Structures are given as C-alpha cells and as structure tokens.
Amino acid sequence: MPLSRRPFALLAALALLGPVTACTSAAAGDPVGTQVGQPQAAESNAPAAPRERIRLTAENRRQSPGTVVAGIEDAVYNYAPAVMLDGGRVRTWWCSQMGSAQPNGDDILYAEGPGADGPFSTARAVLSGSGGNFDAMHTCDPSLVKIGDTYYMYYTGASRDNHANGSSIGVATSKDGTNWARANGGQAIVGPANDVIRANTYGAGQQSAIYLDGWIYLLFTDTTGYAAATNGAGQYVLRSRDPLFGKDVEALGPQGFKPVERTNQPRTRSLVEAFSADWMWIEAASAFAIAHSTDEGTTVTFWNREFTRHPFEPVVISGAWKEGPGLLRTPEGHAPVSTSDPCEKVGLDVLRATTSDGSGAPTNISHFGIDAIGLNGCLTEDEARALNGFAMPSPERTADVVVGGKIVRFERGSVAAKYAVGVLAKRPKAVDSLKVAVRVPAGVPAVQSPSDQVGLLVDNKLMVMNSLDAAKLNSSEVTIVTQEQWDRWERLTT
C-alpha cells in the first residue's frame, strides 16, 4: 500500500483497541427493574409461556471454499460487510479502499452474486469520503435497509485518521443500492455521547439497522458510552420512525425505550460487550439475533422484542475471523424464512474477514453458516407472518395458503402447492386466528397470456399461478387471451 494512504483500516481497528470479549455475561445488558413513569410494553400477541433460554441445535454447518468478495486495485483490506438477499440476488457492501476512489481513505465497495458463496461481480466503489464534514476522509461499516422503494445506508464516517473520538454515523439514500446521495445535509445523525473518555478513541459507529413495524432500530458502538466496558466495547440501541433520526427518537435504557431529545444523550445500557456487531429480526420467533465476534467465532445472542429476556441460548458459527460479521438478511433486516421449516428453523449465514494482510488489516471475506433448530415459533398471529406464501392443511379437508396475513383456501391441495412457496405437513396453531379472505373452488375458469402465464379467475379477478399445470390440476378450462386482456384484469389480493 502506498505510504500516502494510511497503513491500516482505522475505522474498525481503533474500535478493537482492547481485546474482544467472549459472550456477554447475564449482567451485561440485562434489564433492571421496570420502566419509570409508564408501564412496560406488553409483547404483541405474546405466547402464554414466553420462550426463556431455549437451547437451539446447530445443524448443517457450512463454509465457502475460500474468499468470496474482495476489492480490486490496491484494496489490501476488506471487512465489515452488509449482506442482503434482494430480488433473488445476494448483494454485499463492505469497507475497503481503492486508490482510484478519492479522497484517500476508506471506501464502501459493492458486489453481487447468485448466493452467499458467489461468484460475485467485480467490486466497485459506491461511497467514498466527502472531502468535507464529518466523513471527509473515511466511509466504512455499511448497514442497509429498504423502506418502500428507497435504500438507506447507515455508515461510519471520519474526517481524519487521528479520530480523537470523532467517528460518527451518517446515512445515504439510493433507489438502486449503488448510486448514493448523502442525506441529512451531509451531516452525521449520531455522534459520540462523550460520557466517558477512554484510551480507545474510536467514537461512534459500526452500526446495524433493522426496519420493523415502522421503526428503524439502530445498533451501534460508542467507545465513549457510559455502559461500555473499559476498552470501549458495547452495543447501544436507538430507534426512530424517521430514517434520519431527526425526530421521535427513543433510546434503550435499563427500563426499556424512552424518548430522547438528542441522539448523543448518555448511553446507559449496552446489549452485548462487543465491537462491530450485526443483527436481524427473526419474525417466526419474535426475537432479535445479534452476531458478534468472540474467541469461538461468531456468537449469536438473542433478545426478545422488549429486551427483557433471552429467548434462546447463544449459538456459535465457528471458524476463522478477523473482523465483525455481516448477517445475510432481507431488505428490511429480517432473517430469511426457512422454506423447509419456517417455524422451527432459522438460517444464520455470515460473511466475515478471515485473515490479515502484511500490515495487520483484516481481509479475505468468506462465508460461514449454520441452521439453528428448535425455535418453537409461529405461536402468535404476528409470528404467523413468517408463513406468508406457505400452504398447509385446512380444517375443511382443503388446503390453505397464508397471503398477507390472511388465508386463501383452495379446494384442491395440489393447486395450493403450485401457488405456494412451500408446503407444511402440519398446520401451526396461530394460523387458526387468521381470516379466510378468498376461496378457490375447483373448475373456475382459467386464462393464458401470450407469454404462457396462467391465472385462475376467482370472483372475476385474476389469481396468477406459478405453474402451467395449475389449471389442469384444478380442472379449469383454459382460454387463450391477448396481452391487453391479460393486463386489464384486476388482480386478486387478500
């Protein structure tokens, strides 16, 4: 690396000034007492018997044969990936540097591929230092969520190598995930709290965002936070309905979430003693999963929605690591739903740096994963959202498909299977609380477009099927129609 460029990836390295700890103790981040001045929020449609430290079984351990993404040119380090399953592609953004991307400093690179093992496209820089403001030199540690048709990328910025607690969190927006515009006037949205000035002078950053029920939950490091360890390790949470965190901001404290006037008010509760963590929401089990590096590999720690209990014991994705992991998530930051057993299984897949280059900078991002079994999920109406698109037996000796929180009831199970993304042999109890919105009798008329799409006409609305065999299985007479006719039919929705 040329001497004109800094010798190490400082945005992450400075946060690792002290040793990375093992899994947090029971006392670290656990709630104390009840919320003062207002009742503790009740769990939404909570199970009668809350999950409490259930031991999960780790199965199907997997690992890529080697490096899956890397920068080009003089990009000697690659770390801190954000990984999104988006439109059938695995898209990843990560921290690196490329001499062609000015100014000198950390850049956020991008590549995409068909799966977590690749092959990925050639890396390219999509966000670099602004030349001014808080992120003048460095942009790093990307985390993304998609809200509507807009991608929001939360990133760490710094104006110089000598941080002096100057790292802060910014946000950029995009319609395609590759062409970015800085939001909030190019200013940071979260800075250091400066509760305690420690030897670790990193500041605030290494953020991870989740979009859940209209809220953006932001998990992040702040080495100046009151509740951090002596080396600055700690993970704090802010949430807001405003993606720019300019209003309606709440901070997680010992008694739950409370409104705050500023995003840098005292950090009084850390969820896990770690640096560079990533997290996601597991809908089928109403749980947050936080992935962070420990001596064993990547440890995944679980919290319930209110951060009042650990529903599951931690699990470990073993193997080599040199920096924080990036979880494979949906565009909202949720866990991908298992197509084989959505109520009991969740795939935990991470990309993470595995080695160091000659200067000690982390690089060689590889894929590691496990399946965690035993969630005891889909117990409530909210958790049943994870069943969207799945077919299952119905109480009428027919077949039901969950669509948008409601039920489409098919007279013939074979037709339901063609419409569904997966088929369950057993009906989860929570589905009984969902409304039957549509019934699909055998023999309803079917139409076929010039491009061979097939749809069933239910109540004179078009239900587009995923298979040309669906009409035959339903004993439906097929009529060939023009594209104009096909496009004109109102689509059936629940």
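Predicted model: local features only at pLDDT ≥ 70, side-chain atom pairs only at ≥ 80, totals over all residues.
Local features need pLDDT of at least 70, side-chain atom pairs count only at pLDDT 80 or more, and totals for chains, interfaces and linings use all residues. Residues are numbered from 1 along each chain as its sequence is written, and side-chain values use heavy atoms, with hydrogens and water left out.

**Exercise 1.** Determine whether strand β8 is enclosed, and identify its partners.

Solution. Strands are DSSP runs (E, at least two residues), numbered from the N terminus. Next, two strands pair if DSSP finds at least two bridges between them. Strand β7 (residues 150-158) runs antiparallel to β8 and is joined to it by seven bridges; Tyr155 stands opposite Gly170. Strand β9 (residues 181-182) pairs with β8 over two bridges, also in the antiparallel sense, and Ala172 stands opposite Arg182. Finally, β8 and β9 form a hairpin with six residues between them, and Gly177 in the turn has a positive phi of about 85°.

**Exercise 2.** Give the strand order of the open sheet containing β16.

Solution. The order is β15-β16-β17-β18, with antiparallel pairing. The edge strands, β15 (278-282) and β18 (315-318), each pair on one side only. Between β16 (residues 287-294) and β17 (residues 297-304) there are eight bridges.

**Exercise 3.** Locate the residue opposite Thr294.

Solution. Thr294 faces Gly297, which belongs to β17.

How values were computed
Helix = DSSP H or I, 4+ residues; strand = E, 2+ residues; numbered from the N terminus. Buried < 20%, exposed > 50% of the residue type's maximum accessible area, 1.4 Å probe, protein only.
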